[in-house]
Structure formats: structure tokens, C-alpha cells
Amino acid sequence: MIESLIGLEALWLLLPVAAGTGWWAARNATRRATRERESGGFRSDYFQGINYLLNEQPDKAIEVFIKLIEVDSDTVETHLALGNLYRRRGDVDRAIRIHQNLIARESLSTSQRTEALLELGQDYMSAGVLDRAEDLFSEIAVDADYRMQALRQLVDIYEREKDWPKAIASARKLEQATGNQLGWIIAHYCCEQAGQHCAEGDLERALKYAQQARNIHAACVRASLLEADIHAERGEHERAIHSLQRIEEQDPDYLPEAVGRLYRSFHALDRIGALDDYLSKLLRRYGWSSLALALADIKRECDGRREAIRFITDRLRQRASVRSLDRLLDLEIEDRSDTGEMGGHLDILKGLTSELLFERPVYKCRHCGFPAKSLHWQCPGCKHWTSIRPIQGVEGE
Ligand SMILES: [Zn+2]
């Protein structure tokens, strides 16, 4: 199948079909081919290429067809488009060869050369040769006309390399070049550094970076969660609670992330009643099932299982939720086994809710739809920051 696609693509080089590269690139290629056709050399190469195709040797056929299109100012676009096509299809080596071949031509204009360098840089990125890509894009970034494109690529490279100071420096330059605020992304770079220092046990520096993130972008939930974790680690639970209570104003979508941490710190201060009040207030405003389940746990701890069952039943009357139903069934089955009753139909229902929730993604990227079981601050699919959110609805929050 792939081979037949390659064959079709090679034919496209020779036929006046404009699909893929724009009609004029095809027109120029065709015009060139028409001129060349007058020579016997073209004809013999052409038939050799066709022969390779017929013998199912598409790689050799493509090499022949590429040679047939001489690189000059008329065909640069065709070569760029072809290289791009190869890269997108994963044939990076061939893309690199085409772009290097193009750059070696002395007849290119400055802008054509820079465009070919941009393409080559992207080839290197696809091949994972990030240091070469970095060199190329750093060189291109000097050119005012291509500065934005090069800086975007550099930011991408430093993110992949987790070189956060360089990512910050390039993002700042990109802000200047485009006029678009990138503070909300730069704050993540600071949080990344805070996370590294946390992992190394340097809580003081970690806290400094988390606070810097929030100074750069006041609505950075990630920074508040990090600050809360650092304060809690040091036993400063009042401060941890203060950090967590900021989240409602920053971005209430992320409140489910705060629930477990709130429980930890309120519990450490022996202020479960105050936590009950706070979560009840949030539940009235947002209705997330994480909040309802945390409250059910508190009811169970403070007032007993029957009270927890009554609370979840009330919640389910107001808002359908598989997670809440699953918890209710757990509590009911526990209750019945304590009193010697059999679970009966409840066991069947519990089997069903467990099945529905088993390996369900809890989060989803609102940009590309990537499903995830844990929170990623940068989407593994589309690389957007802060786009992965808790899933809402009957099977989610
Ligand atoms: Zn995504």
C-alpha cells in the first residue's frame, strides 16, 4: 500500500496534477518537464523511472524523478513541498537529503535559502537531532523576516530538552516579536524548575520558583498546588490552605486537584468542620463529584456510614454521577454485610459501575481531545499547556 502511494507520488512529479503543492509549482514542474522532454536524456531517464515503478522499486524511481527536476528558481517550491511531504510521512532521511541538496545550490535567493534552512531545521527536529536544529534556528532568528518562525521552533526545542532557562529567554523574545503575552506558558517553565528543586529536596528554591511563576501569571493554578505541597511538607498547613483556597479564583476547573490536599492540611490542623463548610460552599457553586465524594468521606468519618449514604443519595437526586453511584453502592454493600444481609442486586449494579469507571480517562485535552488518566500540564498529544482538564458529565466530574 505504501509502495503504491510512493509510486503515485512519483507520477505526480511528472504529471500536471497540482494537488499538494499548489497549482503553480506543478505548472512550473510541468513546464520544465516539457522543455526537458525535447532532449533524449530526459526520455531515457523517464523510462528508467517508469521501469523502476513497474518493477516495484519505488525508492529508485523517486531518485530518478527527483533528478529530472533541475533545481532552479522555478522549481525550488516543488523541492520544498516534496521534502515537507517526506518529513510528514516519516521519511526524514530523504527530506534532509532534498533540503541539503537545495541549500547547496548557489542560484537560490536569500529568502529561498532561509526557507530551505527552516525546513531542514524541522527535519532535524523530526529526526531528534535537536542540537543541529537549535544551531540552524538560532542562525535564522537573526533574520527579521523569519525571526518569529525560528523563535517558535527554538521554544519547542528547549521545551523538549527541558532547558527551562533557555525556554524562558526564547519565549520572552517571541513575546517581543509577536506582541502576544506568553506569561501563562513561562509560568509553567518556572513551575518545571520548582518541581526539579522539589525532587532534589531543595524546598526553599522550589518555593522561590513557584512564587515567581505566580508573579509572572497570577492565575497559575500549578504554582498554587506546588506552593501548597511545599508548605505542607514543611508542616505549615495554614499557608498550604491559603495557597489552595486561591485556586477557586484562579481557575475553578482545577478544584478537584485541590480536594485531597485540602483534606490533608485541614486534617493536620484538626479542622475537619471548617473543611466541611468550605467544600459544601464549593459544591453548591460547582457541583463537581470530587467535592461531593470528599464531603461523603467527611460525613462518614464524623457522623457515620448512614449519614454518608444519606448525603450521596441526596446528591444523586440533584446530579447524575457514575462515580457517586459507585461510592453509594460501596457504602450500601458494606452496610448490608455488617448487618448480615446479602448484597443481592447491589453486587450486580456495583459490577456495572466498576466496569464503567475501569480505566476511564479522567482528563481530556480541550484542544486536541487527548484522553488521560492523570493530569498533564502540557498535553502529550498537541503540546499545548494547561489544555488538559477534568472530564465533566455523568462519567466524570
Ligand atoms: Zn492536546
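Analyst: Helices here are DSSP runs of H or I with at least four residues, strands are runs of E with at least two, and both are numbered from the N terminus. Residues are numbered from 1 along each chain as its sequence is written. The model is predicted: local features need pLDDT of at least 70, side-chain atom pairs count only at pLDDT 80 or more, and totals for chains, interfaces and linings use all residues.

User: How many helices and strands does the protein chain have?

Analyst: The protein chain has 21 helices and three strands. Of its 397 residues, 34% are buried. Buried means 20 or more other C-beta atoms within 10 Å of the residue's own, exposed means 12 or fewer, and partly exposed is in between, with C-beta atoms placed from the backbone.

User: What share of the contacts join residues at least 24 apart?

Analyst: A contact needs two C-beta atoms, placed from the backbone, within 7 Å. Take the contacts in the protein chain between residues at least 6 apart in sequence: 46% of them join residues at least 24 apart.

User: Now helix packing. At what angle do α16 and α17 pack?

Analyst: Axes are lines fitted to C-alpha atoms, for helices over the stretch in contact, and angles run from 0 to 180 degrees between N-to-C directions. Helix α16 (residues 255-268) packs on helix α17 (residues 272-286) at about 165°, and the axes are 9 Å apart. That angle makes α16 roughly antiparallel to α17, since the cut-off is over 145 degrees, while under 35 is roughly parallel, 65 to 115 roughly perpendicular and the rest oblique.

User: Which residues of α16 and α17 make the contact?

Analyst: From α16 come Leu255, Leu262, Tyr263, Phe266 and His267. From α17 come Ile272, Ala274, Leu275, Leu282 and Tyr286. By class, that contact has nine nonpolar residues, one polar and no charged. Nonpolar covers Ala, Val, Leu, Ile, Met, Phe, Trp, Tyr, Cys and Pro; charged covers Asp, Glu, Lys and Arg; the others, Gly among them, are polar.

User: How do the axes of α16 and α18 cross?

Analyst: The axes of α16 and helix α18 (residues 289-303) come within 9 Å and cross at roughly 20°. Therefore α16 is roughly parallel to α18. On the α16 side, Leu255, Pro256, Val259 and Tyr263 make the contact; on the α18 side, Ser290, Leu291 and Ala294 do. Six of these residues are nonpolar, one is polar and none is charged.

User: Where does aspartate 270 lie?

Analyst: Aspartate 270 sits in the loop between α16 and α17. Most residues other than glycine have a negative phi. Aspartate 270 has a positive phi, near 55°. It counts as exposed, because it has 8 C-beta neighbours inside 10 Å.

User: Is threonine 386 buried or exposed?

Analyst: Threonine 386 counts as buried, because it has 23 C-beta neighbours inside 10 Å. Its phi is also positive, near 55°. It is found in the loop between β2 (371-372) and β3 (388-390).

User: What is the reach of helix α21?

Analyst: The expected span of a helix is 1.5 Å times one less than its number of residues. Helix α21 (residues 345-357) has 13 residues and reaches 19 Å from first C-alpha to last, close to the expected 18 Å. Glutamate 359 follows α21, with a positive phi near 55°.

User: How far apart are glutamate 334 and arginine 305?

Analyst: They are 29 residues apart in sequence and 9.1 Å apart in space, C-alpha to C-alpha. Glutamate 334 belongs to helix α20 (residues 322-338). Glutamate 334 is partly exposed, because 13 other C-beta atoms lie within 10 Å.
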